[in-house]
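Have the viewer open as you read.

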Amino acid sequence: MTDSMIPSWVPFYEELADRLLPFKDNRGALIDKIVHLYQVIGMKLPTLESMPVPGDIDPYTFYGLFNKGISDANRRRITSAIADEFGMRAASPEDFGGIPLLNNLNATFYAFTDDRRRKDGDIDHLWALLEAEVELASHGGEAARTRFVSAFDGTVHQFGLGWKLTMGLYWARPRRFIALDSRNRWFMADMTKAGPVVAAVVPTEKKSSVPTGEEYLGICDVALSQLGTETCPWHSFPELSKAAWVESERVNAEKKAAQKAAEKKAEDAALGDAGVRTTRYWLYAPGEGAGMWDDFRSRGVMGLGWGELGNLMAYASKEDMRTGLQQEYGGDGSLSNSALAVWQFSHEMEPGDIVFAKRGLKQVIGRGVVDGGYVFEASGGKYPHIRKVRWTDAGAWDVASQLPMKTLTDISDSTDLLDHLNALFQVGKDVGVRSEATDDLPTYTKEDLLEEAYLSEGQYDAIVRRLRIKKNIVLQGPPGVGKTFVAKRLAYSIMGVKDPSRVELVQFHQSYSYEDFVEGYRPTEAGFEIERGVFYDFCKRAADDSDNDYFFEIDEINRGNLSRIFGELFMLIETDKRGARNKLRLLYSHDYFYVPSNVYIVGMMNTADRSLALLDYALRRRFDFFDLAPAFDSDGFRSYQGGVGSSRLDRLVSCVKRLNEDISADESLGDGFRIGHSYLCGLDSDAIEEGALSDIVEYELLPLLREYWFDDPEKLAAWAGELRGAAK
């Protein structure tokens, strides 16, 4: 094995062990050096004890100062300071690939002094082990081996050690001692990765008992003998450890990608917005007291602090960022708001988003459009995290209510605040619309809907024809036939594009009122003011854009008190009562109002809910009603079913179809209570193998049947057995 095969960090780590050993009996001097080097680099000394400065320290915890969840930039700062402080000959590391790291919340090799699990001699044992491992690695021999085994066995069962102890051994002598952290054990125990001989001696990641000193040396010896062979192509433990890190990152990335794909699939299925990203709105403080506003505006950027974290794209989650902040800044707070800010700034904000700059809690000083992605400027001083912004407005606007205190706040869903801020800059209030984005909206056609929604072409044509004529329709059917799924895609297919700014979805319920829907008085600090409802606002937007169709969709339309919600709109929603010539004065404001002819209302109604009364007849005659039935026999569902290729899914589909026949024949139920196809959509073979079908039966279908046949336990039991058997 040549030196070129050894990572550049190895000589530094090995020399550091030699430099630490003279402090074995003079740990106070070592602690003084630690305090001094942290003062030199201007970083806060990590919490290593229950007091600000530790009273004692072991050598492996010293290594842990820079081998835990901190940025590589800070690791380089610390190791460079160590090199200066100890007068080291080896170059300070630039790359740390393949080095196992401690958890920031468990970054010492001993319990704190006020922890009763801390025993006298714990730290002495760790120093003795370092001395023994250096001797064994340097000189070998049976006597050195015996001393190492004794030191290992006397230390490994101290509080919080176990497998972690092998990480410390590896740091100090990475060419001789193998790290058996969970990542390496997972990697090396897999014969397809590390070769049959190594796999035979390395314990699996699930094994709970740690080896004795003799067993550990046996693992090291066998693994060393296999390095560079056909069955184990790596030439050193550091190279093997880096391969384990690369492989685990790949596997984790695949898992995250699969999880994101599943989440996106679920979101697309629910909302019908695949390929559409809506504008997000942000409230932002440009430095303390807005002190960086002039600089940022002149440069066309927005910036954040927290530079100690380094490049934010290196963090896999908000929790990783929070842990990093906790390490850097300490304190009793959780720092969750700070972690959320840096995460959203780097991972969620996108070009086209709108930013409002603020000063304090009562003043807005600018507005801009995000123009670029996240950039880390290492030389950016106090604000190294940067995004380009096209600042469109600057000035000083006082706001009526107190603004959020956070440095960066997503206000996309704060409709009242957003309306107020948009009004200050005299821009439209199309919340969620990418009005200033440059990307085109994705097209969506009739063919796209037919492929996704399992409607027949004849059904689709009839629905569209009657919606054009009547202006108002209701999609009704039993649970699981995709009423909401179809409604939004229906709007997109008629528009020809997926434009969420022209679709509004609300859900009626027993407390929904005219005041929510049209207008009403709401309390304010000064008394009461008229506030416009969601349908009023939607119609005003549609009236200002008369060349385009707008779709107002009402889920669970039969759950609300419709007479109370619609009020005088009963008349205005009729086809021949649309338009400006049919204005009526509203109840509270006495303003004149009409429903534009380019507004289409699509309601959705569950026919299997016994608790709901029939629709008001005055409203019923203003809508056309379309039944959506289970589509197990449609071409689209059959194509999906065939693509999954699961005999279990095939059995369960057949069983549900027979169940639907029984439900239809039941005089107390009927067609409106059948089971819809969407219960069994969106599955793949992996999900089915993991028990998804049994979960659907137990937690979705059977609770529904218990409501249907609460008075017929024998029929319920019979169908429960059929469904469970089919899902197995």
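**Notes on the model**

1. Asp72 is partly exposed, at 37% relative accessible area. Both residues belong to helix α4, three residues apart, or about one turn of the helix. Helices (H or I, at least four residues) and strands (E, at least two) are DSSP runs, numbered from the N terminus.

2. A word on the ground rules: this is a predicted model, in which local features need pLDDT of at least 70 and side-chain atom pairs count only at pLDDT 80 or more, while totals for chains, interfaces and linings use all residues. Residues are numbered from 1 along each chain as its sequence is written, and side-chain values use heavy atoms, with hydrogens and water left out.

3. How many salt bridges does a search of the whole structure find? The search gives 40. One of them joins Glu85 to Lys33 at 3.7 Å, N to O. Glu85 is in helix α4 (residues 72-86) and Lys33 in helix α2 (residues 27-41), so this pair ties together parts 52 residues apart in sequence. Lys33 counts as partly exposed, at 22% relative accessibility.

4. Since Glu689 lies in helix α27 (residues 685-689) and Arg648 in helix α26 (residues 647-665), the pair ties together parts that are 41 residues apart in sequence. Glu689 is exposed, with a relative accessible area of 59%. There is also a network in which salt bridges with shared partners join Arg145, Arg176, Glu214 and Asp221.

5. On to the rings: the structure holds 40 aromatic pairs. Rings of Phe, Tyr and Trp (its six-membered ring) pair if their centres lie within 6.5 Å; planes under 30 degrees apart count as stacked, over 60 as edge-to-face and the rest as tilted. Tyr63 and Phe66 make a tilted pair, 6.2 Å centre to centre with 45 degrees between the planes. Tyr63 is buried at 0% relative accessibility, and Phe66 is buried at 0% too. Both belong to one aromatic cluster, whose members include Trp9, Phe109 and Trp171.

6. Phe109 also has the charged end of Lys164 over its ring, 5.1 Å from the centre. The criterion is NZ of Lys or CZ of Arg within 6 Å of the ring centre and within 35 degrees of the ring normal. Arg387 lies over the face of Phe345 in this way, at 5.8 Å from the ring centre.

7. Finally, the strands: β4 (residues 363-370) pairs with β6 in the antiparallel sense over seven bridges, with Val364 opposite Trp397. Pairing requires that DSSP finds at least two bridges between the strands. Strand β3 (residues 354-359) pairs antiparallel with β4 over six bridges. These two form a hairpin with three residues between them, and Gly360 in the turn has a positive phi of about 70 degrees. Eight of the eight residues of β4 are buried, so this strand is largely enclosed by the rest of the structure.

Definitions and conventions:
Buried means under 20% relative accessible area, exposed over 50%, partly exposed in between (1.4 Å probe, protein chains only). A salt bridge is a side-chain nitrogen of Lys or Arg within 4 Å of a carboxyl oxygen of Asp or Glu.
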